[in-house]
Number of protein chains: 2
Amino acid sequence: MGSEYDNNVVDDKEKEAVVLGLDGGTTSTICVCIPLRLTVSDDDDHVPPVLGRAVAGCSNHNSVGETLARETLKQVMMEALSNSGAKPSAVKAVCLGVSGVNHPKDQEQILDWLREIFPRHVKLYVQNDAVAALASGSMGKLHGCVLIAGTGSIAYGCSKDGKEARAAGGGPILGDWGSGYGIAAQALTAVVRAHDGRGPHTMLKDSILKSLSLPSPDELIGWTYADPSWARIAALVPLVISCAEAGDGVANQILDDAVAELALTVKAVIRRLGLCGEDGNGQFPIVLVGGVLVANKNWDIGQKVIDSLMKTYPGAIPVRPKVEPAVGAALLACNFLMREKERNGVK
Amino acid sequence: MGSEYDNNVVDDKEKEAVVLGLDGGTTSTICVCIPLRLTVSDDDDHVPPVLGRAVAGCSNHNSVGETLARETLKQVMMEALSNSGAKPSAVKAVCLGVSGVNHPKDQEQILDWLREIFPRHVKLYVQNDAVAALASGSMGKLHGCVLIAGTGSIAYGCSKDGKEARAAGGGPILGDWGSGYGIAAQALTAVVRAHDGRGPHTMLKDSILKSLSLPSPDELIGWTYADPSWARIAALVPLVISCAEAGDGVANQILDDAVAELALTVKAVIRRLGLCGEDGNGQFPIVLVGGVLVANKNWDIGQKVIDSLMKTYPGAIPVRPKVEPAVGAALLACNFLMREKERNGVK
């Protein structure tokens with residue numbers, strides 16, 4: 001990397017220029033490298049080519065600590081760039097959407113790490129992973145609301161005049177009960193309650209014990225505390241869905257509660273931003289992201305959340321993104337850079 | 001310590017003999033040394049003299065890991081013995097009531113640790129801390145039910161014919177929602193929900209933020225994950241009680257839910273053991289232990305649990321123990337030893 005670039009001048013080299021977009025969730029971190037695009041196409045469906053892509057583990061500093069988070073971020077970015085075949089000097093901007101960025105302090109800390117990796121002229125942007133997820137549904141434009149329900153859950157929205165709001169995203173202790181972790185923890189609880197007489201019989205007991213190769217619910221305590229990582233527990237969600245599809249009342253109640261919880265989270269953001277307009281019928285996109293919201297055979301959590309939302313906000317337009325959140329982050333990098341260049345008088 | 005003792009023979013030295021009782025909870029570990037007592041007094045109110053006492057931190061191997069748990073147990077026992085002025089050779093029996101003992105494997109592991117510390121003739125007993133808590137209310141006799149609600153929660157019961165049952169005690173992931181941790185986690189959740197628009201306004205917000213010196217609920221995420229120890233979060237319970245006493249609806253709902261949850265836990269044990277007899281009116285003690293159940297000014301969680309239980313089981317006799325659970329463990333050591341001697345033909 002050198003200092004030969006002036007970021008106020010667009011020259012031939014711009015054609016080879018690339019940006020990095022990164023999506024850092026609770027379970028994994030994905031980085032992509034795409035060509036820099038300095039015009040927004042009217043065709044919202046234009047999917048940019050991914051030149052390079054790399055995957056690593058969790059980079060949430062709240063979960064894995066600062067040192068490991070930093071190392072993971074650096075490694076996955078370098079790998080995506082290397083896979084793209086682009087020169088390090090071709091990187092014009094980097095946008096990170098990272099879970100665990102809840103506060104300007106978090107943002108500044110990660111910007112400091114990035115500043116040590118990239119030369120001064122590279123533009124750096126750090127956002128909560130929800131912002132990148134919204135951009136993945138809107139192809140880089142920040143308007144509407146996104147709901148992420150993977151291991152954790154969060155809703156984030158942005159109004160046309162740039163106001164932002166979020167709800168949930170605090171992790172299990174602070175009540176993200178519609179998340180994959182939340183659903184699975186409720187299922188584990190239901191097994192223990194059925195076993196000790198506090199709750200009704202449930203098919204979840206045999207299903208979960210068989211899947212974990214445990215002989216009795218008494219062994220669940222040891223299993224849980226051997227490694228209380230959220231992702232390990234959230235991995236039980238497909239079993240809950242299977243039991244619900246097979247007619248288990250307890251599993252159905254857990255999923256119904258999750259739907260209510262997720263819909264409540266989105267509604268809180270819509271209301272605070274006034275996304276639905278004064279008459280309540282205004283149109284706005286609602287982007288659905290994350291493993292919990294992926295369409296399942298019969299029990300489709302994402303569809304049920306949409307059904308609940310549409311009753312209150314008929315103008316909500318559900319969007320299932322065509323690109324992954326990391327590409328959303330990369331498109332954000334392009335758009336942020338474009339806006340800066342416009343402000344500096346370069347079209 | 002020597003090998004000069006024959007535990008089948010009661011001689012003059014028996015008069016100086018002592019036992020150790022230990023209560024290892026999620027937050028702290030307490031060990032006491034009391035004189036060996038080989039007869040059960042008809043006077044249930046006889047409180048044994050505590051010759052020595054020592055306090056240490058958490059010894060739950062699920063929480064702090066094996067090495068630290070082991071070190072903590074050893075240290076606190078040696079300190080209590082040293083404080084008593086008794087010779088190490090005077091120790092005849094040791095009974096540990098430790099949270100995190102959920103399985104015969106846990107029991108065997110701790111017995112192995114103890115075997116390395118004490119000579120062969122010292123009798124060693126390892127129980128879940130709930131057993132010691134029950135003994136603290138019944139002065140060493142195992143009959144009835146105990147409810148512990150401190151940082152965690154568990155109900156444990158024992159029928160006259162020696163059948164045992166427990167409910168809850170799995171920690172927060174497995175649904176101990178009436179515990180101190182459970183109550184405080186619900187309160188933190190309520191603050192975040194009030195802030196992001198998912199829940200109603202609550203006095204808990206100002207109360208908790210002021211107590212933690214945090215400027216905004218956004219900072220709670222960082223605070224929570226900086227140190228997610230259960231005890232640190234459970235320490236917020238008095239704030240929830242204050243807000244409930246001041247009329248806050250959200251705080252009152254959290255405490256009402258905790259009462260319902262704790263009563264459900266006890267009822268599951270009573271039902272499984274048939275403690276109430278066939279007509280449902282049989283008498284049995286119900287021992288209340290732990291910070292959450294201590295009588296508070298107006299909002300008395302323990303009393304409300306009792307009120308709920310008495311509606312279903314009018315023969316339940318509430319007991320607030322006169323001695324601490326560590327003394328209960330020591331009395332258990334005496335009783336276990338007495339039974340062994342009786343079996344061996346020595347009165």
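Trainee: To start with the surface, how much accessible area does chain A come to?

Mentor: This is a predicted model, so to speak of its area we need a method: Shrake-Rupley with a 1.4 Å probe, where for residues only the protein chains shown count as cover. Carbon and sulfur atoms own 50% of the accessible surface of chain A. The total is about 14300 Å².

Trainee: Which conventions should I keep in mind, and what pLDDT do side-chain atom pairs need?

Mentor: Residues are numbered from 1 along each chain as its sequence is written, and chains are lettered from A and ligands numbered from 1 in the order in which they are written. Side-chain values use heavy atoms, without hydrogens and water, and in this predicted model totals for chains, interfaces and linings use all residues, local features need pLDDT of at least 70, and side-chain atom pairs need pLDDT 80 or more.

Trainee: What radius of gyration does chain A have?

Mentor: Chain A has 12 helices and 10 strands, which are DSSP runs numbered from the N terminus (helices H or I, at least four residues; strands E, at least two). The globule rule, 2.2 Å times the number of residues to the power 0.38, goes with a radius taken over C-alpha atoms. For 347 residues the rule gives 20 Å, so chain A is as compact as a globular protein of that length, with a radius of gyration of 21 Å.

Trainee: What percentage of chain A counts as buried?

Mentor: Buried means under 20% relative accessible area, exposed over 50%, and partly exposed in between (1.4 Å probe, protein chains only). Of the 347 residues of chain A, the buried part is 58%.

Trainee: Is A:Cys31 buried or exposed?

Mentor: A:Cys31 sits in strand 2 (residues 29-35) of chain A. Beyond its neighbours within four places in sequence, its contacts (heavy atoms within 4.5 Å) include A:Leu20, A:Arg53 and A:Met77. With a relative accessible area of 1%, A:Cys31 is buried.

Trainee: Which residues of chain B does A:Glu261 contact?

Mentor: A:Glu261 belongs to helix 10 (residues 249-273) of chain A. At a relative accessible area of 16%, A:Glu261 is buried. Leaving aside neighbours within four places in sequence, its partners in chain A are A:Gly175, A:Trp177 and A:Gly178. Those in chain B are B:Arg193 and B:Arg198.

Trainee: B:Ala168 has a positive phi; what is its relative accessibility?

Mentor: Most residues other than glycine have a negative phi. B:Ala168, with a phi of about 60 degrees, is not a glycine, and its place is in strand 8 (residues 164-168) of chain B. B:Ala168 counts as buried, at a relative accessibility of 6%.

Trainee: And where is B:Ser213, buried or exposed?

Mentor: B:Ser213 is not a glycine and has a positive phi of about 55 degrees. Its place is in the loop between helix 6 (204-212) and helix 7 (219-226) of chain B. At 65% relative accessibility, B:Ser213 counts as exposed.
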